[in-house]
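Here is a friendly look at one model, with an eye on helix packing and charged side chains. Please keep the viewer open as you read.

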Amino acid sequence: MACGTTGTCGSGCYKDSNDGIEDSTITITTTNTMSTPSSTTLLSQHMKLCYKCKEEEVINSTGGLCGICFRNSLFAKFKQSITTHDLISPTDNVLIAFSGGPSSRVVLEFVHEIQQKAQKNSDASRDKLYPVFGVGVAFIDESVVTSIASHDLDNAIQDLRLIVSSLAPPTKELHIVPIQSIFSTDLKDGRNKLNELLDTVSDATGKEDLLCHLRMQCLQKIAFENKYNKLVLGSCTSRIACHVLSAAVKGQGYSLPADIQYIDARWETPVVLPLRDCLAQELNMLCRLNCLKTLDVLDAPRSGINDLVSKFLTTLQEENPARERTIVRTAEKLIPFHFNRLKEMKDPDETLPRRHRRKANLQPYESVPSEFLCSICCSPVKKLDVECLSNKLEGCETNFTIFGASCCPSCQFQILPKDLSSREQFYSLLPRPMTTRASDFISGDQTWLREQIKDCLLSDSEDGI
Amino acid sequence: MEDIEGKQKKPGSRLCSICTHKKAALKRPKTLEQICRECFFEVFEEEIHKVVVDNQLFKSGERIAIGASGGKDSTVLAYVLSELNRRHNYGLDLFLLSIDEGITGYRDDSLETVKRNEIEYGLPLKVLSYKDLYGWTMDEIVKMIGLKNNCTFCGVFRRQALDRGAALLKVDKVATGHNADDIAETVLLNILRGDIARLGRCTSIITGEDGPIPRCKPFKYTYEKEIVIYPLS
C-alpha cells in the first residue's frame, strides 16, 4: 500500500467517515473509526466485514469492501482493460498525461505498479530477454489562462516532482510544458498569441473546448518529440458520461463513438484509456484511502455547457449511482471507428518469448478508408458534410474559408468567430499543426477528397486514383 | 444548428435584418436575428411549410387529426396548419382531437381553450375522455396508485386514446405539437435511461408508419421559445 501499512490505515490519513463522501444506497455502514483493531474478539455489533476477504472491516461508500480489497478491485479493472485491449505492450514507451486530479494520480500509481512488476520479472528471468515498457509523465502548465497564484503553482510543481521521483525505480522522466509552447518557442510571444486566440472565441464553452484541443496538441507534441508511442489518459466513466451528454448537446453525435473507446488511434501517438471502467467517486475514494496526493489547487472551474452537464450528472448520480454507467453503456452501442483499434504489428518480434507476441488483429489497417477529420478537434466528419466542403472549395478565396470549411459543424458553430475581422485574426493565431492539417488534407490530398465525392460529381472525366 | 450568417448591421440602426425597412421589434431565439413582427410571422410560418414539404409529411386529400390539448403548442399548431393549408393549398381535411383525462382543475380549463379554437379556426372538434374509453379518470387512478407512477399510466392511456379517436374520425395521420425542446429532452432522457431502442426512433419526424395511425411532428425543428412568442407578438 502506498501509505506503507499492510492492514488498516493509521488514523493519520483516513479522515472520518462521511467527510463529504456521498453515501451510495448500497453501502453497509460502519460507525467505527479506523483506529479500532479488527480482531474477532473485539468485534462490536456494528462492525460489518468485507464481503471479499471477510477479515477487515468495511469502509463507507466502497460497496461493502475493506480498503485493500477496494484497491484490488480497481486495480483489477485497470489490469483487465490493459490486457483485454492490449493497451500497453512490453516494447512500448508510454506517456502519462498528468493533470493533478485523482484520476491521473491513480493511473500514474497503477501504471507504475505494473511497470515495477514487469521490471522484477525481467530482472528475475534467466535470459533477461523480457523488455519492460518505459513510462514518462507529462504535465501541461496552463497557468497563463487560469488564474492561479504563482506560488501555488510553484508548490504544486514541487509536489509533482516529488510524486514522480517517489515512483521509482524504474525512473520516469517528467515533462513540464507550458501550453503556449505550441504557438511559439518564445514563451511570452506564445502566451500573447494564446490569450488573443481565446479572446476571439466569444462562446464560453467554445473557449473551454478549444483549450482542450490545444492541450491535446501539446501532449501530442511532447509525445512525438520525446519518442513516446502511446499516450495514457486517466479518463474515467464519469468523465466519459459527461462527454456523452455534452457531445449530444453540442451536435457531435457522429463523432461521439471516437472519443469514448479504450483506444483512439487517429492521433500520431495513439491515446489509451485504461481507467475507463472506474467511477470518479471510486478514484477519489482511493486517493483518500491510500493517501495519494493530488494537486487540487490546479482545478480550473469549468464553465458553460461542460459545467452544467457536470453538475447535472453529479446530482443524478447522487439519486441513482448506476446512472453514469448506464450513460456510457448506451453510448457504447454506437459503432466505433476503424481508428479505435490499434494497427496490426507487421512482423511479430521473433526475439520475444511466445507469450509476449501480440495477437494478430482482425483486419489489416491499410485497407480501411480513412475518415476526414476536423482541423480543430480531430473529430470525424460525416460524408454529407464533406460534400458541402467540396462545394465550398469551388473558387474560395481566403485561407480562412478553406480552413473554416475543413472544420466539423460543431466547431464551426461553437468555436469559429462569426464576424469577418475576428475570423482572419483567429486563423492567423492558430498553431501550425491545426492549419497544416487542413491544408494537407485539402491541397495535398485532393485525390482522396475526389474519391470521396466522385459519386456526386457530374462530369467525372479522368481518373481520380 | 443554424449558422449565423453575420448580417452586417449599420452601427446604431435597429432595422429588421430581413426586410430592412421596418424597425426591428424582437430578437429571434433560433438565429438571434433582429427582425420585425411581420417578418417573424413570415419566417416562422415559412419554416414550418418547408419542414412539411421537405419531409413529405402530408399528401393532398388526407384527413389529419391535430392532437389538441389546449396548450400553447397544439393551439399554435392548429392555427399554423390551417393557415398553411389555406395558403399553400395542401388540400387537407383538418380536425381537432382532444383527450379529457379527467383531471379536475387542469383539463377542464384547457378544454375550454380547445372549444374556442374549434370556433375560431373552424376546425371540427372531437373530445374523448378516459372515463368513456377506459372507465377510469386520472383522479381515480391517482387515488389508487399515488403520485409516483401516474404519469406512465396517463401517457399510455393518452397514446391509445389518440389512436382510438383517430380511428373514430377515420383520419390518415395524427399531428402533434412536439417541438424541438421536447425532442431534445427525449434524446437526453433516453440516453440517461439507457433505452437504446427508443433512442433510435425518437427523433423521427414521422413515427408509427407501420402501425395503425402514423403520427408526425411538424414542429420538430421549432424552438419552444418561438412558439411562445408567436401568438404574443
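The report below starts with a pair of helices and then turns to salt bridges.

Keep in mind that this is a predicted model. In chain A, helix H6 (residues 237–250) packs against helix H10 (residues 323–332) at an angle of about 60 degrees, and their axes lie 9 Å apart. That angle makes H6(A) oblique to H10(A), and the crossing of the two is left-handed. H6(A) contributes A:Thr237, A:Ser238, A:Ile240, A:Ala241, A:Val244 and A:Leu245 to the contact, while H10(A) brings A:Glu324, A:Arg325, A:Ile327, A:Val328 and A:Ala331. Sorted by class, this contact has seven nonpolar, two polar and two charged residues.

Three of them are set out here.

| Salt bridge | N to O distance |
|---|---|
| A:Arg105 with A:Glu109 | 3.0 Å |
| B:Glu38 with B:Lys22 | 3.9 Å |
| B:Arg87 with B:Glu45 | 2.6 Å |

A:Arg105 and A:Glu109 both sit in helix H2 (residues 102–124) of chain A, four residues apart, about one turn of the helix. A:Arg105 is buried, at 6% relative accessible area, and A:Glu109 is buried too, at 11%.

In chain B, B:Glu38 is partly exposed with a relative accessible area of 42%, and B:Lys22 is partly exposed with 37%.

Salt bridges with shared partners join B:Glu45, B:Glu46, B:Glu83, B:Arg86 and B:Arg87 into one network.

Notes:
Residues are numbered from 1 along each chain as its sequence is written. Chains are lettered from A and ligands numbered from 1 in the order in which they are written. This is a predicted model: local features need pLDDT of at least 70, side-chain atom pairs count only at pLDDT 80 or more; totals for chains, interfaces and linings use all residues. Side-chain values use heavy atoms; hydrogens and water are left out. Axes are lines fitted to C-alpha atoms, for helices over the stretch in contact, and angles run from 0 to 180 degrees between N-to-C directions. Angles under 35 degrees count as roughly parallel, over 145 as roughly antiparallel, 65 to 115 as roughly perpendicular and the rest as oblique. A crossing is left-handed if the near helix is turned anticlockwise from the far one by less than a right angle, and right-handed if clockwise. Contact means heavy atoms within 4.5 Å. Ala, Val, Leu, Ile, Met, Phe, Trp, Tyr, Cys and Pro count as nonpolar, Asp, Glu, Lys and Arg as charged, and the others, Gly among them, as polar. A salt bridge is a side-chain nitrogen of Lys or Arg within 4 Å of a carboxyl oxygen of Asp or Glu. Buried means under 20% relative accessible area, exposed over 50%, partly exposed in between (1.4 Å probe, protein chains only).
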